[in-house]
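Please have the sequence and the model open while reading.

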Amino acid sequence: MEELDILFQLQCIDLMLEANERKLREIMAPPPSAKATEEKLSLFQSKDQELRNLKRDIKDRELEIDSLSQKIKKLKNELYSGKGGVKELMDKQSDMEALTKNQKKLEDVLLELLEKAEVLESEVHEAREQWSRKEKEKEEDLARQAKEKAEIEEAIEKLKQERKSKADFLPVDLLNTYEKLRRSMMGRAVVEVKKDKCGGCQIQIASRKLSEIKKRNSIITCENCGRILYWKEG
Ligand SMILES: [Zn+2]
């Protein structure tokens with residue numbers, strides 16, 4: 001019965017189709033490098049923001065020091081001019097000393113901030129490099145995925161055409177029985193008889209039934225699992 005041969009071939013195609021569709025679902029998931037890229041980007045962004053804040057801080061300190069310098073300069077000029085009473089001059093002198101002390105303190109802070117900025121600057125640079133490396137990796141992975149996807153889709157299309165050409169040879173009721181069995185038997189509705197056993201559930205087949213199967217002129221199912229039993233000729 002050539003129909004059984006065709007049905008068995010059809011099942012092979014269906015199994016390959018399933019495998020390809022599974023593969024397709026798997027490769028549609030984003031590659032691990034996509035998540036890694038997100039992480040590297042977020043690290044870069046946070047470092048970059050930190051640096052921006054620090055630079056703003058530095059700018060503020062510089063302005064503060066600048067304004068102090070101007071005040072000190074003004075006081076110095078007033079002191080050197082010698083105008084005003086002794087008390088006033090002494091007050092100015094002590095003001096100037098306090099401001100100078102303050103300025104020195106601010107300059108120390110500024111120096112620390114500048115050193116911190118230098119370190120942070122190189123960290124930002126490194127984070128940007130790491131991000132861009134991951135981004136490149138991700139792009140490559142995505143391109144590879146797209147290529148693989150196209151290949152699998154092409155294979156699926158070919159298998160579908162092959163399936164149709166096989167199915168056209170089979171009677172509708174046999175196809176329906178096959179489809180129903182396929183759903184309940186995890187895709188394996190037709191099984192080969194090997195060593196006198198059902199290729200699905202491995203039960204021993206009675207000799208009279210076996211000889212019927214070997215005649216290959218009717219559809220015989222396994223009494224245990226219900227699968228269609230197939231005897232391959234030759
Ligand atoms: Zn069986």
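This is a predicted model: local features need pLDDT of at least 70, side-chain atom pairs count only at pLDDT 80 or more; totals for chains, interfaces and linings use all residues.

Residues are numbered from 1 along each chain as its sequence is written.

**Helix H1**
- Helices (H or I, at least four residues) and strands (E, at least two) are DSSP runs, numbered from the N terminus.
- H1 covers residues 2–27, and its 26 residues should span 38 Å at 1.5 Å a residue, which agrees with end C-alpha atoms 38 Å apart; the expected span is 1.5 Å times one less than the number of residues.
- Leu4, Leu7, Leu10 and Gln11 of H1 are buried (20 or more other C-beta atoms within 10 Å of the residue's own, with C-beta atoms placed from the backbone).
- The cover over these buried residues includes helices H3 (86–167) and H4 (172–184) and strands S1 (190–194) and S3 (228–230).

**Nonpolar core**
- A nonpolar core is a set of buried Ala, Val, Leu, Ile, Met, Phe, Trp, Tyr and Cys residues joined through C-beta atoms within 7 Å.
- The largest one has 16 residues, of which Val190, Val193, Cys198, Ile228, Leu229 and Tyr230 touch the most other members.
- At least two residues of this core come from each of H1, H4, S1 and S3.

**Leu181**
- Leu181 lies in helix H4 and counts as buried because 20 C-beta neighbours are inside 10 Å.
- Beyond four places in sequence, Leu181 is in contact (C-beta atoms, placed from the backbone, within 7 Å) with Ala189, Gly226, Arg227 and Ile228.

Conventions
A residue is buried if 20 or more other C-beta atoms lie within 10 Å of its own, exposed if 12 or fewer, and partly exposed in between; C-beta atoms are placed from the backbone. Two residues are in contact if their C-beta atoms, placed from the backbone, lie within 7 Å.
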